[in-house]
Amino acid sequence: MAQNYFLRSINLSLSSACDAKCIFCPENRGRRLKTKMMNPKLVEKIVCEVSANPKLHSITHFECSENGDAFLNPKVLECLRIIRKGLPWCTISVFANFRNLTKDKIIRILQENLIDTMCCNIDGHNEYYYRAVKGVPLKKAKQNLLDFLRIRKNLHANVPLTIYAITYRKYVNTIKNNFGFIPYNLHGRELKDIKDDFALIKAMWQPLIDKEKDRIVPAHAVFSWAERPKIDTTSLAYDKYRCPNLERVKHEAFIAPDGTWYACCLDENNELAIGNLTRNSLANLVESPRRKKLIGMLEQRKFREIGGPCKTVNCCQLLHESKVLNIILASAQAHRRILEILYTVKLPIA
């Protein structure tokens, strides 16, 4: 096995379900899966193998909210306990919308030190703006986040929080400016009265967070994976694009609730399967010909042949609101790639 392909991180989809309807998330996410909640027995199998196999000791991180809301899994705390107890050297992070991370779960998580970092999305400053982005009310998420901040302070828990904000205006303008159409999940109706409200989101939460360890981050760029249904792949110039997740594919495993190891976090419907951990070992799949082949094809930019989400690799790119800025950045990346190639083959540069 090529040394470049060792694993650093495992991303577990403890739940492929989510009760929000975000405009920036694909509607078909996880629809292929019959099993929506990961069984703790599968988590234990993975943890035991990582602990026992020296070839897997390069794994030092678990992300436990891959492609879904982990806190919809009724056994989420049991899963986190298994990782913490079995792999004490690994860090554990979760990403939540806080709709289902309730007070009782927060207390258990912080008291038992089950996570190391917490991230969330708060994509609007009031009910109207938040619902425009996420399709659900803000009230529940807001109260649970306030409970998290209060309980963390009372317990003196050292779990930093990052609040991301993808505002309605930022996302809609980015898609319009780059693709020439409004986002797929708007279904033909844009709310033109909505202005960018990141400053208001920040003003709401900045006084409440810990200024030493927490942060609020605006969406400087967005993924457009939700726009795949609108893309005409017949004329797509694949040679213009690189896989932005190639390094993650090389060094991370993405595991669905049913045990499927799929390509990456942007493989929203788990189409590019490397294997299944209920029927195979993690060590075998790390070294499998199927995984090597996928990585090789990504390196060679054979996106059409790979199929699945790679057919719309343009939707995997991080896009800025300004199309001109995207062109400049793409040009800079291409120039850097040319220099990398020249140095690799040791050609003189004039």
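Is R248 buried, partly exposed or exposed, and what is its relative accessibility?

Modeller: R248 counts as partly exposed, at 28% relative accessibility. Here buried means under 20% relative accessible area, exposed over 50%, and partly exposed in between, with a 1.4 Å probe and protein chains only. The side chain of R248 meets that of E252 in a salt bridge, 2.9 Å from N to O; E252 is buried, with a relative accessible area of 15%.

The model is predicted: local features need pLDDT of at least 70, side-chain atom pairs count only at pLDDT 80 or more, and totals for chains, interfaces and linings use all residues. Residues are numbered from 1 along each chain as its sequence is written, and side-chain values use heavy atoms, with hydrogens and water left out.

A salt bridge is a side-chain nitrogen of Lys or Arg within 4 Å of a carboxyl oxygen of Asp or Glu. By this rule the count is 16 salt bridges.

Another of these pairs is D19 with R99, where the closest N and O atoms are 3.2 Å apart. D19 is partly exposed, at a relative accessible area of 24%, while R99 is buried at 10%.

R81 also forms a salt bridge, with E112, and the closest N and O atoms are 2.6 Å apart. Both partners are partly exposed: R81 has a relative accessible area of 33% and E112 one of 32%.

Finally, a network of salt bridges links R169, K176, E190 and K192.
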